[in-house]
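Biologist: Hi, I'm new to this one. Could you walk me through it?
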Amino acid sequence: MKILPIIGGIAAAGLGTLAWGYTELTKFELKEYTLPLLPKGTLRGKEEFRILHISDLHMIPGQEKKIEWVSGLDSLDPDLVVNTGDNLSDQSGVPDTLRALGPLLSRPGLFVFGTNDYWAPRPVNPFKYLFGKKREPSYVDLPWKGMRAAFIEHGWHDANQARVEFKVGDVKLAVAGVDDPHHDLDDYSEIAGAPNEDADLALALLHAPEPRVLEKFEADGYQLSLSGHTHGGQICLPGSRALVTNCGIDRARVQGLHDFGRMKMHVSNGLGTSKFAPVRIFCRPSATLLRITER
């Protein structure tokens, strides 16, 4: 007879946790790191080169708090915006994605895509997620081509399967990116090789921090990789300790700034979730300002 109250208590606690996790979806945070990566004299007296890293918007129409918070990041005055994909979580999400990114699109920018740019999300089996099973995409097309065209029209560089070189202020950038490696859309051979030795900063972009690709970027001599995909673990223990990573990276490096061999690696918590899993536990949504200084 005592079993039923226990089961009821566990169910109530579980529902309470999920309800709390839902409220965490709009408690956005800005993370900040300083990395001394630039050669002496590059900044010509300027204090730092600011990179704003955003990822995993997973935009659903009507997410006004997210739109307001993300567009407000323009006040940070970033020199460069890097978007590492999974912008959409609905077939009607492109207009609100462009509203959120609005003022940031007027700044120098780069992007790579994840599968939730190309294909709509699908309902998630929570047991598959918690046991780290890779989930097959829905293959229901999203309107990514129009979103990509808008990014490019505003001057952002498409780094999917591409090497890009350009200058922002006094900083010469050498960038290489791959398409989403979590679902094997990447082909590193197309962008392989050391970055231009005349560059001041060499960046590697990929949606998911898959070690098999990070190892190649590191071996080629890139200084900093930027990725998302993991949502920081999304369902975490206190202290933001991830239960799973949803990719090949280890749990200790599922979010934040870490070393990957000689390369620095930043993994974003992301700013959204799939519309079929609208919950975050001990893992708030975030964007990151990377302050790149001289060595």
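This is a predicted model: local features need pLDDT of at least 70, side-chain atom pairs count only at pLDDT 80 or more; totals for chains, interfaces and linings use all residues.

Biologist: OK, so what order do the strands of the open sheet have?
Modeller: The order is 6-7-8-9-13-12, six strands with mixed pairing.

Biologist: And which strands stand at the edges?
Modeller: Strand 6 (162-168) and strand 12 (256-260). Each has a single partner strand, so one side of each has no neighbour in the sheet. From one strand to the next, the twist averages 25 degrees.

Biologist: How many bridges join strand 8 to strand 9?
Modeller: Three, and strand 8 (residues 201-205) and strand 9 (residues 224-227) run parallel. Leu203, for one, has Leu224 in strand 9 as its bridge partner.

Biologist: Switching to aromatics: how many aromatic pairs are there?
Modeller: Twelve. One of them is Phe111 with Phe151, edge-to-face, at 5.1 Å centre to centre and 70 degrees between the planes. Phe111 sits in strand 4 and Phe151 in helix 6, 40 residues apart, so to speak linking distant parts of the chain.

Biologist: Is Phe111 buried or exposed?
Modeller: Phe111 counts as buried because its relative accessibility is 0%. Phe151 is buried too, also with 0%. Both belong to an aromatic cluster that includes Trp119 and Tyr139.

Biologist: Now helices: at what angle do helix 2 and helix 3 cross?
Modeller: Roughly 35 degrees, with the axes coming within 7 Å.

Biologist: Which residues meet there?
Modeller: Glu64, Ile67, Val70 and Ser71 in helix 2 meet Asp96, Arg99, Ala100 and Leu101 in helix 3. That's four nonpolar, one polar and three charged.

How values were computed. Residues are numbered from 1 along each chain as its sequence is written. Side-chain values use heavy atoms; hydrogens and water are left out. Rings of Phe, Tyr and Trp (its six-membered ring) pair if their centres lie within 6.5 Å; planes under 30 degrees apart count as stacked, over 60 as edge-to-face and the rest as tilted. Helices (H or I, at least four residues) and strands (E, at least two) are DSSP runs, numbered from the N terminus. Buried means under 20% relative accessible area, exposed over 50%, partly exposed in between (1.4 Å probe, protein chains only). Axes are lines fitted to C-alpha atoms, for helices over the stretch in contact, and angles run from 0 to 180 degrees between N-to-C directions. Contact means heavy atoms within 4.5 Å. Ala, Val, Leu, Ile, Met, Phe, Trp, Tyr, Cys and Pro count as nonpolar, Asp, Glu, Lys and Arg as charged, and the others, Gly among them, as polar. Two strands pair if DSSP finds at least two bridges between them.
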